Amino acid sequence: ELFIGNCYAVSPARATARFTRVRALHLKGRPRFADFNLMPPDWGAHFNPWVLAFAKACPWLEKVYLKRMSVTDDDLATLAESFLGFKELVLVCCDGFGTSGLAIFVSKCRQLKVLDLIESEVSDDETDWILCFPEGESHLESLIFDCVECPINFEALERLVARSPSLKKLKLNRYVSIGQLYRLMVQAPQLTHLGTGSFSPSEIAGQGDQEPDYVTAFAACKSLVCLSGFREIIPDYLPAIYPICANLTSLNFSYANITAEQLKPIISNCHKLQVFWVLDSICDEGLQAVAATCKELRELRVFPVDAREDSDGPVSEVGFQAISEGCRKLQSILYFCQRMTNAAVIAMSRNCPDLVVFRLCIMGRHRPDHVTGEPMDDGFGAIVMNCKKLTRLAVSGLLTDKAFDYIGRYGKLVRTLSVAFAGDSDMALKYVLEGCPQLQKLEIRDSPFGDAALCSGLHHYYNMRFLWMSSCRLTHQGCQQIARAMPRLVVEVIRSADEEEMDVCVQTLYMYRSLEGPRNDAPKFVTIL
Amino acid sequence: MERRVNYENDLNLMATELRLGLPGCDDDEPQRKTNPSIRNNKRTAPEISEVSSSESSSSITMSGSDDQDSPPPAKEQVVGWPPIRSYRKNCLQSSKRNEVEGMGMYVKVSVDGAPYLRKIDLKVYRSYPQLLKALENMFKLTIGAYSKREGYNGSDYAPTYEDKDGDWMLVGDVPWEMFISSCKRLRIMKGSEARGLGCV
């Protein structure tokens, strides 16, 4: 398997020359902050040159995994036509293609086992791609299309599921009603991963209409361990999933706006749960219920229903602390909130020593500890001090340079660091660049770091995959200095799409090591120094 | 109190770290250092924000053509913050209840034969039965039960709506969320016209 963490670090030609018998290709493209509209679209990361190069040089390619890349319908056609035994396609956070591309792809890939479309943008070309799966028995093991925002041909899907005996993973989009879900589950009780689609009925249930026996359908799926979906949930139907709660290791309610009361009967049976994604609509009380039961929890993500800075935050340090006390095996947390305290973060650092990923997002910018009024330095300091396995950290709230001093001093294993609206001076960035030898990916926005700080990382940039700095205090001169000093670094200055000339201040710096030098597909708003 | 940082004198202060905060600033405000950028009309230097003492209301945006002298409106959202992908935001917005002040989804409702129209907020309802019940109460009429095959047959009234394409559709055929996002106005049809619907 060939893994390329940055598609611009090496060219397709070089990769195919070097590795000729590649069976699986794993490529990553755009930087993560592009997901939050911090960069105009069409920046790059095109799959096209890769598929063409591999079509020529590596006909045995079976599996392609892409993250944050632009894939066109033609690319999908090329993929299906050039690789006879092609088996697995996984597209995460990708865009550029539509249902017509999918139609061609599935019709030509006769050996297809996996088609996973995850958080990708798929345009609705009004093509019935489900109907294009070839007739006869299919080899499908995984079909994930919950992100596809257009209606599908349900009858065709039902027939497809019926003729896919190996199907283990099925994640439906929100155009599949709960009645239709029932019909699919009856065809495929062997499923291990299920995305339930809308989880609400499609039409007004008439007075005398009989509702299918959802409980029995769920009970029949004895191998079900991973449940998600609930895109337009009508909570009255939740009891249907009671039979399988005890088996679940992964539950994703992050699109289900449910209350603590609605959650409790479910979660109190989920003793084996290891991964839990949820909305903050469950409040601190819901988190307390999670903490009470889910002793095996490894990963928790709490997303906001109302993702604005000044929204009411239904979760706070109370739920956070409860989780830390109940879920001692926690390894990964992503928590959005409006109020937090150092004490709770310190508590988590002590209660959950196995933490590898710690991402706390206090949504109001520059917000201090809401009880003491202090910056959040000590909380994050405790995390890097006590969580000895920590490799990924995202900070927020009011932070002074002191927090970064801690990170540089104790965060020796940190590989990925995300910083936003934090720090007082260049010293903060210096601490990190000088103190964290494992740092690979650094993404910073809206923090007062300038050219001097940038220069302090010269010794380390070749060891990093990338550095992103937007709305900081960099100038062209400063970036130019770096570009001159480090020939194997591609230094991109990105401005907003409507800006004509270059400004003295740099809106966004994105730089990464590369064997190839400046790329030739850069759009107008990118200047490579 | 607004704190504004003046740049015209700052061109030579790049290397020094001079604080220019006005006396009486909040301790909370972390941005005290000078910015080495030249002040120009085109856009604000990054990272400088005008902060009112009660809440941070920085207006750092991608288009960057803000005139720095004018105070940003209160509660203006910053691009890409909090860091939630727009896909997720959009999904939740459509299924969120109407908790946000003033953000209703008002559509006109006409009833054949009635002297004037009414307006209702679609966001208040979560399903067709709720909506139909509300319409029945508002206009003192009976709409009856929907069936996929027959529409609202058996009733004197049929609820219809104008969709984004300008077509008049029978209420109830499509999933609720799809209906809300495409409904521009409602018309409750009456009489023989109504009885004919659903049998096409």
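Helices and strands here are DSSP runs, numbered from the N terminus, with at least four residues (H or I) for a helix and at least two (E) for a strand. With that in hand, chain B can be read along its sequence as α-β-β-α-β-β-α-β-α. Welcome to this predicted model. The points below start with chain B as a whole, then turn to helices in chain A and end with some backbone details.

**Chain B in outline**

- The pattern of chain B is made up of four helices and five strands.
- Chain B has 200 residues, and 42% of them count as buried.
- Taking contacts in chain B between residues at least 6 apart in sequence, 43% link residues at least 24 apart.

**Helix 5 of chain A**

- Helix 5 of chain A covers residues 154–162, and its buried residues include A:Phe154, A:Ala156, A:Leu157, A:Leu160 and A:Val161.
- A charged residue, A:Glu158, is also buried in this helix.
- What do the buried residues of helix 5 of chain A pack against? Their partners in chain A are strand 8 (142–144), strand 9 (169–172) and helix 6 (178–187).
- An α-helix has 3.6 residues a turn, so residues three or four places apart point the same way.

**Two helix pairs in chain A**

- Helix 3 (residues 73–82) and helix 4 (residues 99–108) of chain A have axes that come within 8 Å and cross at roughly 0 degrees.
- Angles under 35 degrees count as roughly parallel, so helix 3 and helix 4 of chain A are described that way.
- From helix 3 of chain A, the contact draws on A:Asp73, A:Leu76, A:Ala77, A:Leu79, A:Ala80 and A:Glu81.
- Helix 4 of chain A brings A:Ser100, A:Gly101, A:Leu102, A:Ile104, A:Phe105 and A:Lys108 to the contact.
- Sorted by class, the residues where helix 3 meets helix 4 of chain A are seven nonpolar, two polar and three charged.
- Helix 12 (residues 342–351) and helix 13 (residues 377–386) of chain A pack at about 5 degrees, with their axes 8 Å apart.
- Helix 12 and helix 13 of chain A are therefore roughly parallel to each other.
- On the helix 12 side of chain A, the residues that meet helix 13 are A:Asn342, A:Val345, A:Ile346, A:Ser349 and A:Arg350.
- Their partners in helix 13 of chain A are A:Asp377, A:Asp378, A:Gly379, A:Phe380, A:Ala382, A:Ile383 and A:Asn386.
- The contact of helix 12 with helix 13 of chain A holds five nonpolar, four polar and three charged residues.

**Backbone details to look for**

- Most residues other than glycine have a negative phi, and most peptide bonds are trans.
- A:Glu119, which is not a glycine, has a positive phi of about 50 degrees.
- You can find A:Glu119 in the loop between strand 6 (114–118) and strand 7 (122–123) of chain A, and it is partly exposed, with a relative accessible area of 28%.
- A:Phe230 also has a positive phi, near 55 degrees.
- The loop that holds A:Phe230 runs between strand 11 (226–228) and helix 8 (242–245) of chain A.
- Is A:Phe230 buried or exposed? Its relative accessibility is 0%, so A:Phe230 counts as buried.
- In chain B, a cis peptide bond joins B:Trp81 and B:Pro82, with omega about -5 degrees.
- B:Pro82 sits in the segment before helix 1 (86–95) of chain B.

Methods
Residues are numbered from 1 along each chain as its sequence is written. Chains are lettered from A and ligands numbered from 1 in the order in which they are written. This is a predicted model: local features need pLDDT of at least 70, side-chain atom pairs count only at pLDDT 80 or more; totals for chains, interfaces and linings use all residues. Side-chain values use heavy atoms; hydrogens and water are left out. Buried means under 20% relative accessible area, exposed over 50%, partly exposed in between (1.4 Å probe, protein chains only). Contact means heavy atoms within 4.5 Å. Axes are lines fitted to C-alpha atoms, for helices over the stretch in contact, and angles run from 0 to 180 degrees between N-to-C directions. Angles under 35 degrees count as roughly parallel, over 145 as roughly antiparallel, 65 to 115 as roughly perpendicular and the rest as oblique.
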